[in-house]
Amino acid sequence: MGSGVRRAVIAVAALAVGGSLPAAAQAQQQVAATVVRALDGDTVEVRGADSRTATVRLIGVDAPEIERDDAAGECGARQAAAVVASFTGQQVTLTTEPSQGLVDSAGRVLAYADTVAGADIGLAVIASGYGEVFLGAPTPFARVTSYQQAETAARAAVTGVWRDCAGDFHRPLPSEATTPAPDDADDVSPADEAERVVRRFYFLLNERRHRSAWRLLSASVRRRLGPYDAWRSGFRRSLGTKVNRASVRMVSGRAVVRVAIRSRDRDACSGDVVRQFFRVRWVLARRGGTWVATGVTARKVGGGRVRLSRSACPRPKPTDAPSPPPDPPRPPRTGCHPSYSPCVPTGRDYDCGELGGPYTVTGPDEYRLDADGDGVGCE
């Protein structure tokens with residue numbers, strides 16, 4: 001395995017123990033690896049020449065989720081995983097893309113996977129109809145155009161999920177299509193199913209799969225929340241949401257799910273990580289064989305305040321301009337009679353013929369310049 005992306009592949013282990021990434025990991029890197037197994041339709045395990053393994057999340061692909069202990073499977077999940085599994089044992093070149101980041105929130109390496117023959121595994125999943133284009137970062141990934149063209153072609157051909165699941169890439173599997181464990185057959189209650197839908201909503205938010213989370217909401221809820229882009233922008237500072245506890249009550253065929261959640265967000269002004277706590281009430285109804293949220297109300301019960309944009313940051317108060325210094329006091333006139341302005345020299349008697357004028361007379365008219373006593377002399 002080459003020295004560049006060996007560090008990128010091993011970075012998963014480094015992050016898991018709090019290690020830091022090398023500066024070179026921020027540039028695009030390529031490395032050879034071998035496909036070990038498919039974890040689902042958009043995630044693959046690979047092994048490098050040094051026998052280390054890593055989990056790779058394929059850039060630009062979103063596929064239905066395989067059933068796991070904490071979540072039901074989704075329609076088309078096994079078929080999507082089968083597309084990826086068809087590359088097991090093949091040599092691939094992993095290519096990172098700086099605009100998408102090196103790892104996702106789950107610690108998986110983000111990369112394209114191309115076979116020696118030139119097949120792009122992510123593109124193959126989308127072309128099969130069992131995956132859709134995933135714009136996980138604000139900046140579109142480099143191959144987005146070819147991926148979108150493949151998705152359009154699969155949709156037009158009505159193949160894969162477009163055929164089997166009416167184009168809903170995250171529709172839960174009906175119970176008869178799920179293979180339960182022997183001891184678990186038929187014991188999943190409607191209340192459990194409804195709770196799983198709510199928990200899945202927060203899981204999708206944490207995965208930044210906002211479009212998939214949006215689909216779990218009914219049209220009436222979406223209208224109340226406003227345009228999708230505006231709703232999504234409210235999560236741009238989110239670092240993750242955790243469901244602390246949940247309770248379910250069935251009422252007239254509907255499920256009322258109450259959850260206590262904690263969110264972590266980065267404040268746009270200070271850069272600090274802020275924790276907030278909410279109580280959320282979900283009302284879900286059964287539609288088309290699955291649960292759909294028909295009502296969602298939330299109230300904040302604790303935590304700090306998060307500002308989502310710099311426009312909300314307080315502006316520094318403008319500093320007052322310093323006052324100009326006062327005029328220096330005029331020095332007292334010397335050699336001038338204090339009763340007259342402008343100056344009339346002291347020392348002898350004057351008449352208006354000598355002085356001109358006029359003069360303001362403000363004191364005793366010693367020189368008798370103000371003949372009419374109106375305060376103005378030598379008019």
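Mentor: A residue is called buried under 20% relative accessible area, exposed over 50%, and partly exposed in between (1.4 Å probe, protein chains only). The model is predicted: local features need pLDDT of at least 70, side-chain atom pairs count only at pLDDT 80 or more, and totals for chains, interfaces and linings use all residues. Residues are numbered from 1 along each chain as its sequence is written, and side-chain values use heavy atoms, with hydrogens and water left out.

Trainee: What percentage of the protein chain's residues count as buried?

Mentor: The protein chain has ten helices and 14 strands (DSSP runs of H or I, at least four residues, and of E, at least two, numbered from the N terminus). Of its 379 residues, the buried share is 40%.

Trainee: How far apart are the end C-alpha atoms of helix H6?

Mentor: H6 covers residues 190-206, which is 17 residues. The expected span is 1.5 Å times one less than the number of residues, so it should be 24 Å. The model agrees with this, as the end C-alpha atoms lie apart by 25 Å.

Trainee: Which strands do the buried residues of H6 pack against?

Mentor: Buried residues of H6 include Ala-191, Val-198 and Leu-205. Contact means heavy atoms within 4.5 Å. Besides helices H7 and H9, the buried residues of H6 pack against strands S8, S9, S10 and S11.

Trainee: Which residue's backbone nitrogen does the side chain of Thr-96 reach?

Mentor: Thr-96 lies in the loop between strands S5 and S6 and is buried, with a relative accessible area of 3%. Its contacts beyond four places in sequence include Ala-27, Leu-102 and Leu-110. At 2.9 Å, the side chain of Thr-96 reaches the backbone nitrogen of Gln-29.

Terms used. Polar contact = N/O pair within 3.5 Å; in protein donor to acceptor, adjacent residues only side chain to side chain.
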